[in-house]
Amino acid sequence: MIELKNFIHLTPDERMMVLTWRNDALVRSFMYTDELISSDNHESFIDSLPQRKDKRYFLVYKNSAPIGVIDLVDIRDNTASLGLYANPFSDRKGIGRIILRALIRYAYENLHLSTLRVECFGENEKAKNLYEKFDFIETKRRVKNNRPIICMELHREHWNA
Ligand SMILES: CC(C)(COP(=O)(O)OP(=O)(O)OC[C@H]1O[C@@H](n2cnc3c(N)ncnc32)[C@H](O)[C@@H]1OP(=O)(O)O)[C@@H](O)C(=O)NCCC(=O)NCCS
């Protein structure tokens, strides 16, 4: 069973676990903000979320095991940008597929959005392949911090539930 736990409701231990994941070298290397995040920053970020209608972050559990983090940001006009990372300490296969599916369902079935956007670094083959498997279409390429970025989109009518 898949459970999405809103960051707003995380326990102190869950908050700490998520910070450890987010600060993991592999996870950070594929994020726009790749510096280590301090515990104070992390706590204030989570404490700010109840006031933010444009952002939602969730810890994803599968059968009571925490497997990853998903988020929607820039939620407006029926669109949002997504982000995700798998628990870097898990050796389970297929986490990416499980958490992306959960995120798309939440966005289309609960929030009734019509378009999801995602950006990934050009060298992030895993992420790019994952998004393509879910029928995200490349819309453009750009460069950020001297690194190529691939921009992709999935429209609700192209999502094969
Ligand atoms: C991206 C991420 C969530 C993928 O999670 P994962 O658990 O490895 O993904 P899955 O095992 O579900 O694989 C999903 C698809 O990714 C692709 N993939 C997996 N491993 C791959 C590899 N080594 N090389 C290329 N593609 C790969 C495959 O298409 C795979 O589908 P398949 O197994 O049906 O062929 C995970 O690697 C991660 O957390 N990375 C760091 C953070 C990150 O990059 N986030 C995305 C930012 S845009």
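Two strands pair if DSSP finds at least two bridges between them. Helices (H or I, at least four residues) and strands (E, at least two) are DSSP runs, numbered from the N terminus. The model is predicted: local features need pLDDT of at least 70, side-chain atom pairs count only at pLDDT 80 or more, and totals for chains, interfaces and linings use all residues. Residue numbers start from 1 along each chain as its sequence is written.

Start with the sheet. It is open, has seven strands in the order E1-E2-E3-E4-E5-E7-E6, and its pairing is mixed. E1 and strand E6 (137-144) are the edge strands, each pairing on one side only. From one strand to the next, the twist averages 30°. Angles run from 0 to 180 degrees between N-to-C directions, and axes are lines fitted to C-alpha atoms, for helices over the stretch in contact.

Now follow the pairs. E2 and E3 are antiparallel, with seven bridges. Tyr61 sits opposite Pro66 in E3. Two residues lie between these strands in their hairpin, where Asn63 has a positive phi near 45°. E3 and E4 also run antiparallel, joined by seven bridges. Here Gly68 faces Ala86 in E4. This hairpin too has two residues between the strands, and Asp77 takes a positive phi near 50°. Lys140 has Cys151 in E7 as its bridge partner.

Contact means C-beta atoms, placed from the backbone, within 7 Å.

Helix H4 (residues 95-110) has 16 residues and spans 21 Å from first C-alpha to last, close to the 22 Å expected. That expectation is 1.5 Å times one less than the number of residues. Its buried residues are Gly96, Ile99, Leu100, Ala102, Leu103, Ile104 and Ala107. Buried means 20 or more other C-beta atoms within 10 Å of the residue's own, exposed 12 or fewer, and partly exposed in between, with C-beta atoms placed from the backbone. Among the elements covering them is helix H5 (125-133). Just after H4, His112 has a positive phi of about 55°.

Last, the ligand. Of the 19 residues around the ligand, Phe30, Ile95, Gly96, Cys120 and Asn129 come nearest. H5 gives the most to this shell, six residues.

Key. Contact = placed C-beta atoms within 7 Å. Near = placed C-beta within 6 Å.
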